[in-house]
Amino acid sequence: MEGSSAAGSAASDAGPAAPADASRGPLVAMLAVFGLWAFAVAQPLLDVLAGNAALFVVRRNERVDLILLLLVLLLALPAALLLAEWLVGLVSRGARGALHLVFVAVLAALVPLPLLARWMDPPGGAVLPTALGFGLVVAGLYARVAPVRTLCAVLAIGVPLFAGRFLLDDGVSRIGADVDSSGLPPVETNDTLVFVVFDEFPVSSIMNRDMQVDAGLFPNFARLASQSTWFRNATAVDEHTLQVLPVIVSGKATRDYGSLAVAADHPQNLFTLFGATHRMRVREAVSMLCPDELLDVDWAAEPLGSRLAGLLGELPLVYGHIVLPETLKSGLPDMSGTWGGGATVPADAGDNPADANPADASPADGGPRADGAPGTTSDAASASNTPATDDDGADAIHNALGAAGRNPRGGREDPMFGDRSGFARSLVDVIDDNLAPTLYFLHVLFPHNPWHYLPSGEQYTRNRTEFRRYSWGTWSEDDWPRAMQRHLLQLGHVDQLLGELLDRLEQQGVLDRALVVVMADHGVSFKPGVHYRYLEEGNVRELMHVPLFIKRPFQREGNVSDRRVITTDVLPTLLDALDVPPPWKMDGVSAFAENFPARPRRTIANKKGQRFTADGALPDSFRDLDAKLRLFGDTPTWDDVFALGPHPRLLGRHVATLAVTPPGALAAEGTQATGATAALSVRIDGERRYESVARDSLLPCNVTGALIAGSAQQLPGDLAIAVNGTIHGTTRTDAPTDVPTEAAFASMLPASAWREGHNTLELFAIQGDQLVGPLPRRRDALDEEDGAATLRFEGRSWRIVPAALRGRVNTAWSGRGILKLGGWAADETNQRPADEILVLADDVPVFAGVTGRDIAWPVKLLGSEAYRPSGFELSVPLDLFAGTPDGRVRVFATSGDVAMELNYAPEADWIR
């Protein structure tokens, strides 16, 4: 009792207990993490996402996706940091406090980083140290000064603030927004409508010399023309799909590039007008102009989890582009085709050449080098848009990526990069004989590049050297004929799909009584020297003039009209054909109207708001039409299109029936062939594809490679390509570029050339009236024998010398059919960037790129500005890994005659 009394007395002497410091409580700590995260990470990302709302449309995201995105970004991710603190606290309260301060320092450092990266970014690279210093100061004050802790906790107000600002953003708020069409008068018609919009389709492609539909190549377009009105002089109002589609379905001209191709932005449109009276069976590839609640058929959508994973999966890369200085961004995969480098939406989802053609990207992707020489890699028209093959090699790459959590294979069937035929046929399949009025609508990205469909609908592989001289969106004299050939072949499949549509309509008794509209949004150019898709003075006609066929109900005879129709006129014309008065003021005029305007000149706009005008009259001819006739003749067949090449007379001939000279006897043109001539050899891209052909998979019709000789004078200009002993293609080699003793070649072979299983592919030089060959194969490989290692690629070789160079692979990312690799490589001995970066699949070189991207790290590490252009970023088509057993990827840098394998950053370790 005495002890108790003494204790009580002491306590009483001490007075009342001091209140605890509330700013050190767990609630303040939790709010501080949420607040700092909101300002450091969530707010910059949400600003970029809101500025790119059009991509939510292309990805077909719904309102619930955006709400879940906010929950993850603003709540779940910072909660994960708090969970980590709690788990550490189970072991040590002190360690938990230390970890909390680390999080505070890092998040505080990230807050000013975007501004510092924009304002500072000096050659010395003080951005990151400055930001880190700021974070350490904040963390130190946070640990010692109560008001600082309180201020950090108050920052949690950013969580609801940024969420509300994102959801109320002008663009985001229109994603999934309800559309009120109650004010529209009911449509008084029971007619069924069939409306098809193709993409990237110049009208000249289906014309013959008389400027009629070429019935030989495109019998179903001719069939449609025979029972409809072909407005042969129709033109687009814009080069941009997402601008043209709303114009087509609303009849209203718009120059607002802030508007989205969604019903909320264009509530008065074809779908809302007919939605109350017609069954709606609508397939839109890149727009959401038809409200979901109007749809009569609910096509299987991508699962919510997959949609959300697709959004979240790219956010780390987007964030890197936001916060890092320019000198460090070069180590990141390029996001220009996805999120516009973290700031801008692509020019046109589905029309962006940077997406479809890596040659529009960095020199390492195949564009021109800094010295003006063409890049080594330039698979222009198809390197990134075509889906990966189902071959084991591509699967292995995808599996490796999936195991590492980077863009695993799966997700929705993307009509832009996936099964476009299946997408179109899904609409054909739901056409029925029900007499109920129905609106069938299809927008499909056909015959839009990438070109990998044959007229039969079979698909073929792509190779990196298809368009070796294509550069920055323009065709070369060597490449444009092959590009036009492949465009026409794919257009042949579009004609096949049109025939299936017409057959189905006829079988179901719909065709005769329906209003049918078939058109395209814009064209494409094959003129060398000007951009193939972006408007310039030299390509206006090719991009402006588009097909437009309108068959009125019970129309059975075709006619051609050269009225100066524009895409704004389509909906007024459709309503006129149905005797439906326009329910709102439209900017277009019915093409059937008696008082149709003269339009002495017509205008088409580009994404920059520039307007290009042309004479309103139909031109006497089109440049690309004349070019097509020169290449394939006045009345071509598909055999003629495949026969593109200098010696069509050889096609179908058996090699055994021809005079063939052994390759060792090849001499320079015009000289006597002798055995003393240096041997000629050939390298074939994707050679493994020919060893095992599956007719129900991608066919190896696109044969590319290079011819290799002892000197440039020994390179013949023409080649013959034989499959299983029969010649199926001839081609003229391109002039040598980087390597004077090599000449690239490319040739499209018909599907009939291939048989199931093993095929023998042989190449012959054509010299005069005789063949020289078969030419021996040059197989590139990494050989490691007798203690020496040699790397051979495209006729060159390098000694493998460990530690000869410096560098590493920083990042690896897969998506849209490509594998992107970023990093740097330098030659410290010679104080310069490395020459080339070679990518190997299972020790076989499959791809080459160059350095040339500015990057700060080698400057800091090696101490000289000479190393700044040592960065690289490669876009490697995944199907180049076809046939590799496990998809093992190795990356080598070269300089002079030496090469070295690059190490990998930890985040890219999966690539080993």
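Visitor: What makes strands E8 and E9 a pair?

Guide: Pairing needs at least two bridges found by DSSP between two strands. E8 (residues 601-605) and E9 (residues 611-615) are joined by 5 bridges and run antiparallel, so they pair. Strands are DSSP runs of E, at least two residues, and helices are runs of H or I, at least four, numbered from the N terminus. Arginine 601 stands opposite aspartate 615 in E9. This is a predicted model, where local features need pLDDT of at least 70, side-chain atom pairs count only at pLDDT 80 or more, and totals for chains, interfaces and linings use all residues. Residues are numbered from 1 along each chain as its sequence is written, and side-chain values use heavy atoms, leaving out hydrogens and water.

Visitor: What lies between E8 and E9 in the hairpin?

Guide: There are 5 residues between them. Glycine 609, in the turn, has a positive phi of about 85°.

Visitor: Why are H18 and H19 called roughly parallel?

Guide: Their axes, lines fitted to C-alpha atoms over the stretch in contact, cross at roughly 15° and come within 10 Å. Angles run from 0 to 180 degrees between N-to-C directions. Under 35 degrees counts as roughly parallel, over 145 as roughly antiparallel, 65 to 115 as roughly perpendicular and the rest as oblique. H18 and H19 are therefore roughly parallel.

Visitor: Which residues of H18 make the contact?

Guide: Contact means heavy atoms within 4.5 Å. On H18, Arg420, Ser421, Ala424, Arg425 and Val428 take part. H19 contributes residues including His493, Leu497 and Arg504.
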